[in-house]
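Student: Before we discuss terminology, could the sequence and structure be displayed?

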Amino acid sequence: MIIIREFKPKDLLQVFEIERVSFKDPYSPLLLLDLYYLHKRTFLVAEKNGRIVGYIIARVVCDKGHIIAIAVHPKYRRCGIGTILMKKIFDIFKEYGIKKVWLEVRVSNLGAIKFYKKLGFHETKIIKHYYRDGEDALVLEKLLSFDN
Ligand SMILES: CC(C)(COP(=O)(O)OP(=O)(O)OC[C@H]1O[C@@H](n2cnc3c(N)ncnc32)[C@H](O)[C@@H]1OP(=O)(O)O)[C@@H](O)C(=O)NCCC(=O)NCCS
């Protein structure tokens with residue numbers, strides 16, 4: 001069974017390990033902790049048998065929701081955990097009255113782009129050289145409604 005709950009500082013090393021194996025340019029443990037202090041209600045983890053298998057970090061900016069990061073441990077991908085984490089964040093955003101969500105994704109990250117499109121995101125623009133290594137970001141947006 002997958003439990004979705006708020007991140008706690010004791011989860012830091014497990015979350016960092018998923019971050020490290022998932023991204024070219026991972027956030028440091030210190031940055032993850034800063035994000036927790038800034039966005040406690042929207043930093044969620046997915047737990048299975050007492051282990052952290054995925055996480056999502058989001059924030060509210062004015063009247064919009066922003067997905068800062070999401071990752072699932074490679075062993076647990078394609079089992080629906082990423083979808084569960086995103087839907088939980090959509091529910092929290094809806095409680096806040098938020099109607100629009102956006103995120104950035106590397107243009108080369110085709111798996112994640114498919115994942116987001118399946119969740120109803122659409123492309124809005126490209127930001128040139130968004131990432132530290134110079135790669136462009138695709139900006140994706142989604143409108144929240146009662147049935148999604
Ligand atoms: C993107 C990510 C969070 C998706 O998590 P997940 O738990 O594997 O996603 P789900 O199992 O909920 O996937 C739902 C659907 O999205 C699509 N999808 C997900 N990953 C995909 C991939 N690698 N390639 C193609 N489609 C994919 C599929 O349609 C999938 O449904 P299916 O498995 O029934 O075909 C995960 O692949 C990951 O951690 N990637 C590395 C980190 C990353 O790139 N994060 C996003 C940065 S912006």
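**Sheet and ligand shell**

Tutor: Seven strands make up an open sheet of mixed pairing, in the order β1-β2-β3-β4-β5-β7-β6. This is a predicted model, in which local features need pLDDT of at least 70 and side-chain atom pairs count only at pLDDT 80 or more, while totals for chains, interfaces and linings use all residues. Residues are numbered from 1 along each chain as its sequence is written.

Student: What makes β1 (2-6) and β6 edge strands?

Tutor: Each of β1 and β6 pairs on one side only. Strands are DSSP runs of E with at least two residues, and helices are runs of H or I with at least four, numbered from the N terminus.

Student: How do you know that β5 (residues 100-106) and β7 pair?

Tutor: Two strands pair if DSSP finds at least two bridges between them. β5 and β7 have seven bridges, in the antiparallel sense, so by the definition they pair. Leu103 has Leu140 of β7 as its bridge partner, and Lys100 has Leu143.

Student: What makes β6 (residues 122-127) a partner of β7?

Tutor: Five antiparallel bridges link β6 and β7, with Ile126 opposite Leu138.

Student: Which residues come nearest to the ligand?

Tutor: Of the 18 residues around the ligand, Arg77, Gly82, Thr83, Gly111 and Lys114 come nearest; a residue is near if its C-beta atom, placed from the backbone, lies within 6 Å.

Student: Which element gives the largest share of the shell around the ligand?

Tutor: That element is α4, with five residues.
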